[in-house]
Amino acid sequence: MTVRKLAALAAVLSTLLVLPPAHAVPGRGTLFGTDASGGNLITIDPVTGAGTVVGNMGAGVVPALAVDPITGTMYAGTGAGFPALFTVDPATGAATFVGDTGLGFAAFGGLDFSSDGTLFAAVNIAGNGGT
């Protein structure tokens with residue numbers, strides 16, 4: 001291999017090693033949460049547990065968040081009898097409506113993604129925490 005080819009290969013490899021991943025990686029980055037009934041997106045300090053409001057999502061009661069491991073897109077599920085799915089801008093907290101779940105009077109209890117990008121939800125069908 002020529003010196004020129006080796007230098008080009010080294011440049012490509014060093015670029016790949018310093019580029020951040022294109023998607024969310026569990027255990028790295030910013031920890032997000034919600035204050036549920038307040039509808040605010042918050043960041044959480046993993047050392048102290050202190051929360052800082054990023055912004056109001058404008059989606060009502062938001063008890064569930066998840067980040068797609070493939071795209072890095074944050075999703076929110078609403079509660080209080082109106083189960084809808086939203087995307088969330090992590091910089092501002094602004095939520096964008098994706099769609100109604102069609103579950104009637106229900107509430108999201110939690111959201112999570114599998115490693116292949118499949119979204120799962122825990123849903124309280126009765127909407128009152130009893131089911």
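The structure is a predicted model, in which local features need pLDDT of at least 70 and side-chain atom pairs count only at pLDDT 80 or more, while totals for chains, interfaces and linings use all residues. Residues are numbered from 1 along each chain as its sequence is written, and side-chain values use heavy atoms, with hydrogens and water left out.

The description begins with the sheet formed by β1, β2 and β3. Strands here, like helices, are DSSP runs numbered from the N terminus (E, at least two residues, for strands; H or I, at least four residues, for helices). Two strands are taken to pair if DSSP finds at least two bridges between them. On these terms, three strands make up an open sheet with antiparallel pairing, in the order β1-β2-β3. Its edges are β1 (32-34) and β3 (51-56), each of which pairs on one side only. Neighbouring strands of this sheet are turned by 35° against each other on average, direction ignored; the axes are lines fitted to C-alpha atoms (for helices over the stretch in contact), with angles running from 0 to 180 degrees between N-to-C directions. Strand β2 covers residues 40-44 and is joined to β1 by three bridges, the two running antiparallel. T34 has L41 in β2 as its bridge partner.

A second open sheet contains four strands in the order β4-β5-β6-β7, again with antiparallel pairing. Here β4 and β7 (95-100) are the edge strands, each pairing on one side only, and the twist averages 25° from one strand to the next. Four bridges connect β4 (residues 64-67) with β5, and these strands run antiparallel. Within this pairing, L65 stands opposite A76, and A66 stands opposite Y75. The hairpin of β4 and β5 has six residues between the strands, and G72 takes a positive phi near 80° there.

A nonpolar core is a set of buried Ala, Val, Leu, Ile, Met, Phe, Trp, Tyr and Cys residues joined through side-chain atoms within 4.5 Å. The largest such core has nine residues: L41, M57, A59, V62, M74, A76, A84, F86 and V88. Both β5 and β6 supply at least two residues each, and β6 gives the most, with three. A second, separate core of seven residues includes Y75, L85, F108 and F113.

M57, a member of the largest core, is found in the loop between β3 and β4. M57 counts as buried because its relative accessibility is 2%. Leaving aside neighbours within four places in sequence, M57 is in contact (heavy atoms within 4.5 Å) with residues including T34, L41, V62, A76 and V88. G39, another of its contacts, lies 18 residues from M57 in sequence and 5.8 Å from it in space, C-alpha to C-alpha.

Definitions and conventions: Buried < 20%, exposed > 50% of the residue type's maximum accessible area, 1.4 Å probe, protein only.
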